[in-house]
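Visitor: I would like to learn how to read the ligand surroundings and the domain arrangement here. Please start with the general idea each time.

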Amino acid sequence: MSPLDLLDVDSSLSAEERQIRAVVRQLVDEQVRPHVAGWYEEGRVPARELAREFGRLGLLGMHLTGYGCAGSSAVAYGLACLELEAGDSGVRSLVSVQGALAMYAIWRYGSTEQKQHWLPAMAAGETIGCFALTEPDHGSDPASMTTRARRDGDDWVLHGTKMWITNATIADVAVIWARTDEGVRGFAVPTSTPGVAVREIRRKMSLRASVTGEISLDDVRLPAAARLPDAVGLKAPLGCLTEARHGIVWGALGAARDCLETTLEYAGSRTQFGRPLAGFQLTQAKLADMAVEWSKGYLLALQLGRLADAHRLRPDQVSVGKLNNVREALAIARQCRTILGANGVSGEYPVLRHANNLESVLTYEGTSEIHQLVIGQRLTGLSAFA
Ligand code: TGC
Ligand code: FAD
């Protein structure tokens, strides 16, 4: 049992869930951990190679059924996210965007032909997807999006710009959300289509082991078959966000766990004033508070996962998890950084890398303020957005 699991939450996991966790942990230990500090420093990640490896293990769209997807439980998917993010948030993002956003959109709203065409190759990691909702001027408020899709005969013509899109420059297919005369609709757009241009966003100080880009759509002409037929209205992309946010509830715990494990080891071996840092009461207070928050977050994630497996998970419940677990993970990463002293700012240790990554995780998939307002709406019955 991990010393961090103060409440023995692990004992609530099934043998299969533990097995999946062990497999992903081993993969991260072997294929991510030895390299990720270098990827982060260089601002690059071998996303295609990783995607194939993740596909081989069935991690892409793993909670979906059919079309080459593993059909595992929501809890197993969450545990996989936790282990991946213990490596790096960017690596978890690769899997989230592929499985919970791009694949989920096609799986949930696509035609049988679209599913057959895209999903098996995406599950195998041979085809990479991205999910383009955010625009330069519309992030928290996607209802105001200005990307347009207009009909021209049987075709659709898309025009606009999407910004901050994970996997944009390596994607083979982009799930693009656009406004039509009938409301928001979704399109599966091959990125080789004329009029699609991608640009990488460089000089990020966070999520550096993740590809982020801008997608310009200059009168991109698509056949009618490119539209996701069952995606009707803004609730379609928001439904995908619920899937991805659930993974983040778990993933953030992984980044926090890696920080805590690193810090426990460091504090046990680093001596000042003739005794290990771990022996100081102030250090123990920090460690205790962080482990308590981590354990509460783990319980919260498991409860949400069990609700998801019972098909009873509401979006506002996911907001509780996203708000709490990312906020607490970031607080834990920053506090761990203090215990490592100067070494805490070094890339030799993962702590500041995780903290910097969690700044992005705090913002994407709904900022903390947006999740507070979702919960506020649930409590009061009043929308602060309208
Ligand atoms: P609102 O009127 O509240 O809702 C419109 C319709 O959608 C339904 N709905 C949801 N359905 C499923 N899941 C959710 N999370 C939902 N939230 C709302 C709602 O019931 C309604 O349905 P209906 O039948 O009445 O039409 O819409 P609003 O315009 O007031 O906005 C609500 C708000 C602010 C919560 C929403 O716009 C929002 O969540 N904004 C944040 C945007 C965001 O999170 N963007 C993320 C982009 S993707 C990304 O960041 C990927 S990062 C990489 C990674 O994941 O690793
Ligand atoms: P804004 O919406 O401009 O918000 C700025 C600040 O104002 C925030 O603090 C916010 O909480 C606050 N604010 C906004 N509205 C309110 C309000 N009503 N009340 C109180 N406060 C408010 N998007 C995609 O579509 N696909 C992706 O793959 C993707 N990947 C990303 C990867 C990275 C590394 C990052 C950083 C972002 C990514 N995003 C992606 C975009 C992300 O979803 C947005 O950044 C996020 O939704 C917030 O939008 P914004 O940055 O425009 O901030």
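Guide: A polar contact is a pair of N or O atoms within 3.5 Å; within protein, one must be able to donate a hydrogen and the other to accept it, and residues adjacent in sequence count only if both atoms are side-chain atoms. In this structure, a polar side-chain atom of Arg-245 lies 2.8 Å from an oxygen atom of ligand 1. This is a predicted model, in which local features need pLDDT of at least 70, side-chain atom pairs count only at pLDDT 80 or more, and totals for chains, interfaces and linings use all residues. Residues are numbered from 1 along each chain as its sequence is written, chains are lettered from A and ligands numbered from 1 in the order in which they are written, and side-chain values use heavy atoms, with hydrogens and water left out.

Visitor: Which backbone atom lies 3.1 Å from a nitrogen atom of ligand 1?

Guide: A backbone N or O atom of Leu-238 does. The protein covers 71% of the 1100 Å² of accessible area that ligand 1 has on its own (Shrake-Rupley method, 1.4 Å probe).

Visitor: How many residues surround ligand 1?

Guide: A residue counts as near a molecule if one of its heavy atoms lies within 4 Å of it. For ligand 1 there are 24 residues, and Ser-93, Thr-242, Arg-245, Glu-365 and Gly-366 are the closest. Helices are DSSP runs of H or I, at least four residues, and strands are runs of E, at least two, numbered from the N terminus. Helix 7 gives the most to this shell, 6 residues.

Visitor: How many residues of domain 1 are in contact with domain 3?

Guide: Contact means heavy atoms within 4.5 Å. By that rule, 33 residues of domain 1 touch 33 residues of domain 3.
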